[in-house]
Amino acid sequence: MKAGLAARISWGLLLTVLYLFLLAPVIIVLVVSFDTSTFLRFPPEGFTLEPYRQVFANPDFQEGIKVSAITAAITTALALACGIPAALALSRLRFRGRGAVEAAFLSPLLVPNIVLGLALLILFAPIPLTDTYWGLILAHLGITIPYVVRTISAALAGADPRAEEAARTLGAGPFTVFRRITLPAIRPGLFSGGIIAFLLSFDETVISLFVSGHNVRPLPVAVLQYVEYRSDPSIAALSVCLVLLSVVAVVLVERGLGLRQSLRS
């Protein structure tokens, strides 16, 4: 009994140390974000909310947030529009070359983002699509569609295809079957894939560096250009806001739609 209790205590301490190790950077950034200093330092020398006011008063950050939000929203919508039929075809149909098509959809996950960014710059520059919203959106689609296809395919794997067959047998058309049977079944994967696509697009830095410019500059690029010349607690405050945005989005989807279950399917 004592040996079992000691093992549980040791395991709990080990998990606590591991969690503290993983969360230490976030905790330090959170503490620094309230510092009164004019540069990043730890431990802080005072407490103030001024860095958070500076974040929302900075015109470069405001413009970056707008560009990132618009790009991520459109990218998410297009990724879902492309990912739903692709996932349905790969999950429900058997055709020659299916493996090659599936590999093509997932291949961007295997290529480093810096290679994708350089390739897209070479492709977009003559058109021209660099320094445009559509250039950013097309670039982000390449890295978001694979995640959408995977999450929706996982949801389809857990859905019973016999319900669709029964609906077709009873005279329902393809659109009615999709709207009344398939769509509710894949809703957790649909929303989790959309959230992942939005967060990936909003936070993408490497590819955005290659295809953005002075007129269309997303938030990660604006932050990188800001820290080239300045390094103050407002950067930490902005980082805390972005972390909170990600946490809130994931928690809301998990509570309302079962994100954990859809990713485990």
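Predicted model: local features only at pLDDT ≥ 70, side-chain atom pairs only at ≥ 80, totals over all residues.
Biologist: Why are α3 and α6 called oblique to each other?

Modeller: The axes of α3, residues 59–92, and α6, residues 133–158, come within 6 Å and cross at roughly 40°. Angles under 35 degrees would count as roughly parallel, and 65 to 115 as roughly perpendicular, so α3 and α6 are oblique to each other.

Biologist: How many nonpolar, polar and charged residues make up the contact of α3 with α6?

Modeller: That contact has 22 nonpolar residues, together with seven polar and two charged ones.

Biologist: What makes α3 roughly antiparallel to α10?

Modeller: The axes of α3 and helix α10, residues 219–227, come within 7 Å and cross at roughly 155°. Since angles over 145 degrees count as roughly antiparallel, α3 is therefore placed in that class relative to α10. In the contact of α3 with α10, the residues divide into seven nonpolar, two polar and one charged.

Biologist: Which residues of α3 and α10 meet?

Modeller: On the α3 side they are Asp60, Phe61, Gly64, Ile65 and Ser68, and these meet Leu219, Pro220, Ala222, Val223 and Tyr226 in α10.

Biologist: Why does serine 201 count as buried?

Modeller: Serine 201 has a relative accessibility of 4%, and the cut-off for buried is under 20%, so serine 201 counts as buried. This residue is found in helix α8, residues 174–203. Leaving aside residues up to four places away in sequence, serine 201 touches Thr71, Ala72, Thr75, His140 and Thr144.

Biologist: Why are cysteine 82 and cysteine 241 called partly exposed?

Modeller: Cysteine 82 has a relative accessible area of 37%, and cysteine 241 has 23%. Partly exposed covers the range between the 20% limit for buried and the 50% limit for exposed, so cysteine 82 is partly exposed, and cysteine 241 is partly exposed as well.

Biologist: How many disulfides does the structure hold?

Modeller: The structure holds zero disulfides, where a disulfide would need a pair of cysteine sulfur atoms within 2.5 Å.

Biologist: Where is the cis peptide bond?

Modeller: The cis peptide bond joins isoleucine 127 and proline 128, with an omega of about -5°. Proline 128 lies in the loop between α5, residues 113–124, and α6. Aspartate 131 is found in the loop between α5 and α6, and has a positive phi of about 60° although it is not a glycine.

Technical notes: Residues numbered from 1 in each chain as written. Heavy atoms only, no water. Helix = DSSP H or I, 4+ residues; strand = E, 2+ residues; numbered from the N terminus. Buried < 20%, exposed > 50% of the residue type's maximum accessible area, 1.4 Å probe, protein only. Contact = heavy atoms within 4.5 Å. Axes fitted to C-alpha atoms, helices over the stretch in contact; angles between N-to-C directions. Nonpolar A, V, L, I, M, F, W, Y, C, P; charged D, E, K, R; others polar.
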